[in-house]
Amino acid sequence: MDEVCEGKDFSFPKQEEKVLEFWSKVKAFETQLELTKDKPEYIFYDGPPFATGLPHYGHILAGTIKDIVTRYQSMTGHHVTRRFGWDCHGLPVENEIDKKLGIKKREDVIKMGIDKYNEECRSIVTRYVSEWEKVITRTGRWIDFKNDYKTMDRNFMESVWWVFAQLFEKGLVYKGFKVMPYSTGCKTPLSNFEAGQNYQDVPDPEIMMTFPVIGDPHNASFVAWTTTPWTLPSNLALCVNANFTYVKVRNKYSGKIYIIAESRLSALPKDKPKEAVVNGSVGAPKKANVKSKESSGGKTENVLDSFEVLEKFPGSSLVGKKYEPLFGYFIELSDTAFRVVSDNYVTDDSGTGIVHCAPAFGEDDFRVCIENHILNKDNLTVAVDDDGCFTEKITDFSGCYIKDADKDIIEAVKAKGRLVKQGTFTHSYPFCWRSGTPLIYRAVPSWFVKVELLKEKLLENNKQTYWVPDFVKDKRFHNWLENARDWAISRSRFWGTPLPLWISEDEKEIIVIDSVAKLEKLSGVKVFDLHRHNIDHITIQSESGRVLRRVDDVFDCWFESGSMPYAYIHYPFENIELFEKNFPGHFVAEGLDQTRGWFYTLMVLATALFGKPAFRNLICNGLVLAEDGKKMSKSLKNYPPPMEVVDDYGADALRLYLINSPVVRAEPLRFKKEGVYGVVRDVFLPWYNAYRFLVQNAKRLEVEGLAPFIPIDHATLQKSSNVLDQWINSATQSLIHFVKQEMNAYRLYTVVPYLLKFLDNLTNIYVRFNRKRLKGRTGEEDCRTALSTLYNVLLLSCKVMAPFTPFFTEVLFQNMRKACNGLEESIHYCSFPEEEGERDERIEQSVSRMMTIIDLARNIRERNNKPLKTPLREMVIVHPDVNFLDDIAGKLREYVLEELNIRSLVPCNDTLKYASLRAEPDFSILGKRLGKSMGIVAKEVKAMSQESILSFESAGEVVIANHCLKLTDIKILRDFKRPDGMTEEEIDAAGDTDVLVILDLHPDESLLEAGAAREIVNRIQKLRKKIALEPTDMVEVYFESLDGDKNLSQRVLHSQASYIRDAIGSQLLSHSLMPAHAVVLGEERFHGISGMSFGIILARPTVMFNSKAILPLFQGNKKYAHNLETYLLSRDNSNLKSEFQNGNGKIIVDSIEEQPSVSLVLGIGSFCCVSDVSKLFSGKASWHGSMFIGPSIFY
């Protein structure tokens, strides 16, 4: 493996760009597809976005989810075709062209020519394709752009025709009139799910007006209310609720008599009596609530001061009564219109309890008027044109835009003496999601799919699908299907897939075209493109001799995207076997808004065509919002550009940030750039440092002249006797098991936290507690076992993480594969790891508890101001599980004691010796489950005795108030009982619901030297860090006592020599041994540390000479001896040491010009380092950094 840089110098974004170059060079995606071509197919449907805008975080999020799932499926033995798709038709494109060309009305398009208009649309469809490809590729998603599909391609459109023809043949298509949300800005009806995409709170005019009752003895008038005055010219009926009580009231001051719902009487304006004449002027009565800015609601207080109730009657008694219309535009319908009908859609939460009905502009109005025979569909007149302007039918306002006419209509009502009240009313109102204009409801002719007929099958098919999260399927989507209405699939537009209907002028003869071949055969015209301007001129002669022409409409673009599972592979004209073997598709993923969009149209068309759902598995993500919780807005600039985040922190960090957030559970995410940085800091840097630690110590073996690092095989590693090897091997198998289980269930949001916890354990437990082994201080064999274990775990975890972080895992893999022959060229060609060997759940739990013990003990130290450098005498671990205590007191003992700097550990399974037990119910778990029984159960749980709690812990369950409670339902709390006669300063404890830790805090003189040694080591390590040394950088460490009385420091250095040597990896040398030519890297002096003052010097390893022995080699020639020493000092220390090792302690120097060669021997009497000089006199010798060299006569 090659050397790697420090984490602070590692640029994640730059490394990712190098990986992209590597993938491009080896054609990684194409190769993966080729390697898996004979594997079972995994069908993934990629919903087509519009290419008329740039990709945002929502696209990156959905793309990341799709990429993770499809990469995982490829690694688990599937062939996953991934083709990008583009939604090319519909309002987004036409709206852009309308703005560009200044098109205001439908006639403008006809005038310029549909052909020119459509080609303008075609020209912008792929405007941002290159930007999309750049962003998607840079974020690590593997998908085929070259073999993409477009909804404007002839093959795609032909399959859409086939889908429609199948529905028509099944009797699921009809033409009808329907009141639909209509965009005057885009001049087209919208589907219900489109209409719900952009609601805004806006003020609208509200007015109350009178409709005199014909033949009423009191000359009473109905009072109706509306927020759409522009609909009043089309009024044909009034609607009441038959179950409400209505009143006839007389205004005490004006004498006017009104009929209104009793519960809405307070909504009427409250007139006041005329004021008396003052100073010769007459005061007129003030008009109540004119320009009111509140809703028509109000309290009934004082209402009877203004009105006298004349009669009360049920709403049903008003049905059939005739009234005088406001306007005379529809006077020809007087025989059936202008009468009262009833329906339960009338409410009394606003208005007057009397609704004015304009059937051409309200869904309920239309239904009620048809049901009550006010008119029939054939004689419905829609007095507003496609542009939202009144037609000639409304003579007084002809050509006026409806919203602009509101004021004039109100004035007309007022002039007729029919205005009761006017003001403004703020309410939530739908706006066009494209043009931003307010929607209206307007009756339009359209072609429909009979979705209501399919409702039961749709609900049944929904049950066959698997959704994450499931509440979206069971609630939001289920409710939408349950209330599904017939789907208007046609649009009176230009740029789209034309409806394949050729029809006679009287609409009695219809031919449905299901293929290009059929059209060419019946028309005799060669067809190359299916857009309107290329086929509208084509006619077909029917068998009766009539000329059939195509209807003008095009498909709703949602019909096209819903046809995607068939059209993107040109089914049924091609790929028949591929489709029929793999339908329904395995997986789709999009945002929550698609429950009423793409997910819905997929389900409707698949159910209609095949009686099946379109997909088997679905992940639904939430919305990505700006940090302030608002929608991301370019104009507000309330979010950082995606590529800026990628360039700063890398795509992998962005991917993990998005996936490890509530947004994967269909909840909103407030995007924070610092959150992405947090992923780099908390995940990638620790992960990189563990990998770097492996590489450094593997390279160290070669530096020390040992055999290069070659990983030990996995089977042998499984037999390691080291407890942390056993633990991390088992934890890795648990990781593989868990990720497979959760990924197969598409629960990405559970996978990432588990992966992150695993990486945290790897770096903070395995690497941290194994530093001595990994650095070779426990012997070469043990070092290679530890390094191989770390290598194997990193390799397996990289494979597990590869779908999530494709770049970083590739970086690590490319270097790690150099140490092991036979690995794949890319990590993304690897199979997902299989579970090997048994998992040891006991040791995994014991290590987890060990970390809990360490955390609890640290808390005790902190609470009592006892830093880790201060050794303590004893700790007691209290737990009922004997196996766990055996592990803690046996295999794990040394790790606990060393980490906590404690001399002895005492296990105790008598839980009552040091603690009293009490039970608390877990309300978060039991609350929902027990409901009203919670209070009784909680009371009994809290009253459990010590013996009952112990029995419960042993049995694992207890029955309370007829409810069986498990260990997870009750918290067992251990309250520490301090032994008699001992104070808090002498003994303290901490615990959780599982284990109790007790520390003996007594001061002990015998531990002071150990504490002082820790302080010395701490200062050495800080100095290393201060001068930016790497962990594997070898240095000589010199100690100089600055005290007058050096006894304390000498005692510490003598008694703690072994600890200091193990901690710093070398002998701590006396300052007096430092050679004069030593290169000092850093030095620092310290005062008052554990009663000592001392200096620490770090120097580069250097050669030492026995000059008296070298001089005779050259017969006393001092110049030659000096040249030899100069030459040896110029050599790299590690390379020189390797030469001595390779020569079995001997080298020949013959490269000094004009000087005889000499043989130098490194032996017992000739030393390799300063520390060896000191070791010689203690009877020990070993290799280190500096060399003390003399000829072979020294033994």
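Which residue lies over the face of Phe 211? Select Arg 418: Arg 418 sits over that ring face, 5.8 Å from the ring centre. The rule for a charge over a ring is that NZ of Lys or CZ of Arg is within 6 Å of the ring centre and within 35 degrees of the ring normal. Now try Arg 442, which lies over the face of Tyr 182 at 4.6 Å from the ring centre.

A word on what you are viewing: this is a predicted model, where local features need pLDDT of at least 70 and side-chain atom pairs count only at pLDDT 80 or more, while totals for chains, interfaces and linings use all residues. Residues are numbered from 1 along each chain as its sequence is written, and side-chain values use heavy atoms, with hydrogens and water left out.

**Ring pairs**

Next, show the aromatic side chains. Rings of Phe, Tyr and Trp (its six-membered ring) pair if their centres lie within 6.5 Å; planes under 30 degrees apart are stacked, over 60 edge-to-face, and the rest tilted. The count by this rule is 62 aromatic pairs. Pick Trp 467 and Phe 599: their ring centres are 5.6 Å apart and their planes stand at 80 degrees, so this pair is edge-to-face. Trp 467 belongs to strand β15 (residues 466-468) and Phe 599 to helix α20 (residues 598-610), so the pair ties together parts 132 residues apart in sequence. Helices (H or I, at least four residues) and strands (E, at least two) are DSSP runs, numbered from the N terminus. Trp 467 is buried, with a relative accessible area of 2%, and Phe 599 is buried at 0%. Here buried means under 20% relative accessible area, exposed over 50%, and partly exposed in between (1.4 Å probe, protein chains only).

Move on to Tyr 657 and Phe 671, an edge-to-face pair with 5.4 Å centre to centre and 90 degrees between the planes. Both Tyr 657 and Phe 671 are buried.

**Helix α8**

Select residues 154-169, which form helix α8. Of its 16 residues, 12 are buried, including Trp 161 and Trp 162. After α8 comes Gly 171, with a positive phi near 75 degrees.

**Gln 1021**

Finish in helix α36 (residues 1008-1026), where you will find Gln 1021. Gln 1021 is partly exposed, with a relative accessible area of 34%. Leaving out residues up to four places away in sequence, Gln 1021 touches Ala 1063 and Ile 1064 (contact means heavy atoms within 4.5 Å).

Definitions and conventions
Expected span 1.5 Å × (residues − 1).
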